[in-house]
Amino acid sequence: MVGLSTLGPARGFPNPESSRTREEGRSPMHIKTEATERHTLSVIVDNEPGILARIAGLFTARGYNIESLTVSEITADKAVSRITIVTSASPSVMEQIIAQLDRLVPVHKVTDLTARGAHVERELALVKVAGTGDHRIEALRLAEVYRARVVDATIASFVFEVTGTIEKIDKFVELMGEVGLVEVARTGIAAIARGREAA
Amino acid sequence: MAEKSGADILVEALCDLGVEVVFGYPGGAVLPIYDAMFRSGRIKHILVRHEQAATHAAEGYARSTGKPGVVLVTSGPGATNAVTGITDALLDSIPMVVITGQVPTSLIGTDAFQEADTVGITRHCSKHNYLVKDPARLGAVIHEAFHIATSGRPGPVVIDIPKDVQVATARYVKPGVIQHKTYRPQVKAPQSEIEQVVDMLAAAERPILYTGGGVINAGPAASQLLCELARITGAPVTSTLMGLGAFPASSPQFLGMLGMHGTFEANMAMNQADLVVAIGSRFDDRVTGRLDAFSPNSRKVHIDIDRSSVNKNVRVDLAIIADAGHAMEDMVRVWKARQHPKPDTSDWWRRIAGWRAVKSLDFPESGTEIMPQRAIRALWEATHARSPIITTEVGQHQMWAAQHFGFEKPNKWLTSGGLGTMGYGLPAAIGAQLGNPKALVIDIAGEASIQMNIQELATATQYRLPVKIFILNNEYMGMVRQWQELTYESRYAESYSDSLPDFVKLGEAYGWKGIRIEARGELEDGIRAMLDHEGPVIVDCRVAKLANCFPMIPSGAAHTDMILQANEVSGTMDDEAKALV
């Protein structure tokens, strides 16, 4: 065993550092997770059938996570859509997500808005609240603070329309929980880069 | 201009694209296409016995000729049977176009007879796919599909065509050069990046070129350029499983395959290198072993046509997005223009010589038993002068073939690397024989794998294809048994190949010649008899039953933790290691 002598004793299977004998007790295996950061990606795509399944399926197939996904046509001829994806991943996985999206045939361009810097993110929510008396007055007062508009009203309920960042809407929905929240519908994030250039 | 049916448009487009052979199997949803092919008579159709075999045959054809393989199958089960081969082609970057029939558009979504959501099922196992609902779009889609399948990083493209679209009529105009609006793979790298890698190669004391299937995909000229690059830089070359043949195995600069069953010298050189230049290879888990111990002191350059391959498993210092051939051509040109002298790597080669002296591919031999490695070497001895095309199934025999059969040229080694598909070898050999009628084509098989597509014996018989099957029969799913021996204290759960057929009689039943080789002394004569027979031959070569494939880096171990021989093995493994593939 000529060359091995420089490497220490020939290793058995498995290597001694990672193995334990039965007497020592088996090392329980745990699934490891990495620290992640949240990024907003803007994906310009050809508006062809199945494109949404292609994008969303790539995330499930490769184990990436989607916090929010919105899609809408953005040209007059309806040929091109913008898909805005909020995802959390470690920096190396984020690089993979972008590269994997970029190599899909119908994808024109992928922009990491978070990495690029200044951008605007907005979400719209419709929030239904039911109640009477003080709850009703408090709901209206909070809505005013959050610049939420009343888009439907009955004697015993309101529907508010509120726009803002994820955090603002989370907070508004949380507050409505105290004053008769019934249900919520949210659009997911739409985002765009600041400044005069297209991202 | 007269309108044509969708089926006629398809056939005409295939002819315009230079397609000579289609591998397929008819069924209800492709009858219009089969009728159009029958009437046209311009495309040779090879009738396989199972749709999976059509895809592997197309892969074998593609890998051995450099031309795209074309598959035609029906809807539902026809398409789902093709899924394994489509995935195989995706993982090994094989150019392939798969045409699937679909139920008429009016029936899609109704759970109609033989309906399957083919575009849904194949969306993530193909490079791209289409459902064509308008015959007027069909011609353009077919041309685009071939463009996508064959350019950039090659891969399988699926075109799903409902039966009414095959019958309805439209005009077809042969399109010109395709300028896709979004798909534009980068094939040439910026000059500055080429200069950087040349600087790094010129300055390196312990460089190594780590090459893969991308060099083969870049065409035979890329293999020539690799030889030239190795010659002028003096760097050693190691190859992945998929890259074998791009660099001549007989070259003194070749260290053999690296990775899990690679040579000691290749893995030690990767571990000790100060510069790794990866060319058309993708740092696969079989290659790297334990990631945090992979080539720890090297700077790394990754030349790949697919940006998503870069930094996927291993972070590199320089990424060059380009076709391997273009990149090497540019590197050689810059190197020569600067008149770099050949770097002095003599110390590095002295160390490599020390690792080589371990002779990691040696194997013990005794008695009349045939060691499988001996059988591969005997096969090489008897055939290498004819530059044969070798296909394999998946398992121990595949690794022994990779280790012991030396390949001198590209496109001669066809194996399922990424997906590891048992049953690949026989249909791949059929496809390769069709693409290379004069070549000697041998499927090196195991007795378990060969049974996964054994029905294709009939296909070879029908088309008078003189393929040879050389079975290393050890009566075990050997690689499964080897892992059970190494990690589960030899509890051989379901890995014994019970109730094996008599392969000689089986071959004869299909019109093949059958030969059995049982003792060491019969090996050379048996191989000669196989080669002397003009038609197809199946050889049942009985080999040592418990031989294991070494060297081996256990899953999740470092390159320096190679097992060289069986006596180094303890037979247990903790849960962390067991969970790795």
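**Close-up views of a predicted two-chain model**

View 1. Being three residues apart in helix H13 (residues 324-337) of chain B, B:Asp330 and B:Arg333 are separated by about one helical turn. Their side chains meet in a salt bridge with an N to O distance of 3.0 Å, where a salt bridge is a side-chain nitrogen of Lys or Arg within 4 Å of a carboxyl oxygen of Asp or Glu. B:Asp330 is buried at a relative accessible area of 4%, whereas B:Arg333, at 43%, counts as partly exposed; buried means under 20% relative accessible area, exposed over 50%, and partly exposed in between, with a 1.4 Å probe and protein chains only. This is a predicted model, in which local features need pLDDT of at least 70 and side-chain atom pairs count only at pLDDT 80 or more, while totals for chains, interfaces and linings use all residues. Residues are numbered from 1 along each chain as its sequence is written, chains are lettered from A and ligands numbered from 1 in the order in which they are written, and side-chain values use heavy atoms, with hydrogens and water left out.

View 2. The side chains of B:Lys181 and A:Asp46 meet in a salt bridge at 3.2 Å, N to O. B:Lys181 lies in the loop between strand E8 (169-170) and helix H8 (191-203) of chain B, and A:Asp46 lies in strand E1 of chain A, so the pair joins two chains; helices (H or I, at least four residues) and strands (E, at least two) are DSSP runs, numbered from the N terminus. B:Lys181 is exposed, with a relative accessible area of 58%, whereas A:Asp46 is buried at 8%.

**View 3. An open sheet in chain A.** Four strands of chain A form an open sheet in the order E2-E3-E1-E4, with antiparallel pairing; two strands pair if DSSP finds at least two bridges between them. The edge strands, E2 (68-73) and E4 (107-112) of chain A, each pair on one side only. Strand E1 (residues 37-46) and strand E3 (residues 80-89) of chain A pair in the antiparallel sense over 10 bridges, and A:Glu37 stands opposite A:Ala89 in E3(A).

**View 4. An exposed arginine in chain A.** The side chains of A:Glu197 and A:Arg196 meet in a salt bridge at 3.6 Å, N to O. A:Arg196 is exposed, with a relative accessible area of 80%.
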